[in-house]
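Let's take a walk through a protein model, starting from the inside. Have a look at it first, then read on.

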Amino acid sequence: MLNWAARYYPILRVLRQNNLLTQGSLLEIGCGPFGIGSYRKIPFTGCDLSFSVPPQWPMTQLAASAADLPLADNSFDIVLASDMLEHIPPDLRPKVIAESLRVASQLVIFGFPCGPLAHTSDVELKKYYLGKKVPVPEWLEEHMLAIFPDSDLFQNLPGWTVTEFGNESIAFHRWMMHWEFHLNFIRASRILMRYFPSVLEWFLRRADSAPYYRKIFVMTANRDDGYQRKSVLAKLG
């Protein structure tokens, strides 16, 4: 679906910029049954509390809590979490970030709906679905349970260089989600993703403007900063 492409295309660009698109071990947290495997066709590990359907290649599944990963330090080159952190109770979010930093050796990427404007947009989206008598998706119901994460969670991370950028204007996100339950829209989106991905990416990049629905945070491990990295993990955990 188009909203998946809107979420993952910016992440694929980050991986490409870091020479990790076609190489490097990757853990995706909160991946569901597909995750980034729909776009990055090399083996990766997908972590979720449970899987509604058996994951398919290139994913190897790991059923575990994001706040308590059964993995050694620096187990993966990349740790990724796309539209997952907003589903975590606010008091557990620092722990989830700490665990992601602990098991990553090079790069950590978090993308999520960010801030009060994005949350208000989803409240209005739920009202729209109810008015159209469209079943409200489980993920949207979960968005109603707590405030969205914000950039404060990624301040003061010694040993890591943090960059952020916006993804999807709120207006574009609202338009896209109004159409996502129409069959013809879904079919057209799939055709674009399969046969014209570069055209679709060009279109989606034009939709990246403020005010943003989602922000993406990229944490790059600083070389020779092992002591500082351990300090920030202790602080977050």
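We'll go from the nonpolar cores to the cysteines and then to the charged pairs.

Keep in mind that this is a predicted model. Its largest nonpolar core has 36 residues, and Tyr9, Leu15, Ile36, Leu107, Ile109 and Leu204 are the ones touching the most other members. Several elements give two or more residues to this core, among them helix H1 (2–17), strand E5 (104–113) and helix H7 (197–206). Helix H1 gives the most, with 9 residues.

Now, the cysteines. How many disulfides does the model have? The count is 0. Take Cys31: the nearest cysteine sulfur belongs to Cys47 and sits 7.0 Å away. A disulfide would need the two sulfur atoms within 2.5 Å, so Cys31 is in none.

On to the charged side chains, where the whole structure has 10 salt bridges. Asp208 and Arg13 make one of them, at 3.9 Å from N to O. Asp208 sits in the loop between H7 and E7 while Arg13 is in helix H1, 195 residues apart. Another salt bridge pairs Arg214 with Glu168, with the closest N and O atoms 2.6 Å apart. Arg214 is in strand E7 and Glu168 in strand E6, so this pair ties together parts 46 residues apart in sequence. Arg214 is buried at 2% relative accessible area, and Glu168 is buried too, at 1%. Through shared partners, salt bridges join Arg7, Asp83, Glu168 and Arg214 into one network.

Definitions and conventions. Residues are numbered from 1 along each chain as its sequence is written. This is a predicted model: local features need pLDDT of at least 70, side-chain atom pairs count only at pLDDT 80 or more; totals for chains, interfaces and linings use all residues. Side-chain values use heavy atoms; hydrogens and water are left out. A nonpolar core is a set of buried Ala, Val, Leu, Ile, Met, Phe, Trp, Tyr and Cys residues joined through side-chain atoms within 4.5 Å. Buried means under 20% relative accessible area, exposed over 50%, partly exposed in between (1.4 Å probe, protein chains only). Helices (H or I, at least four residues) and strands (E, at least two) are DSSP runs, numbered from the N terminus. A salt bridge is a side-chain nitrogen of Lys or Arg within 4 Å of a carboxyl oxygen of Asp or Glu.
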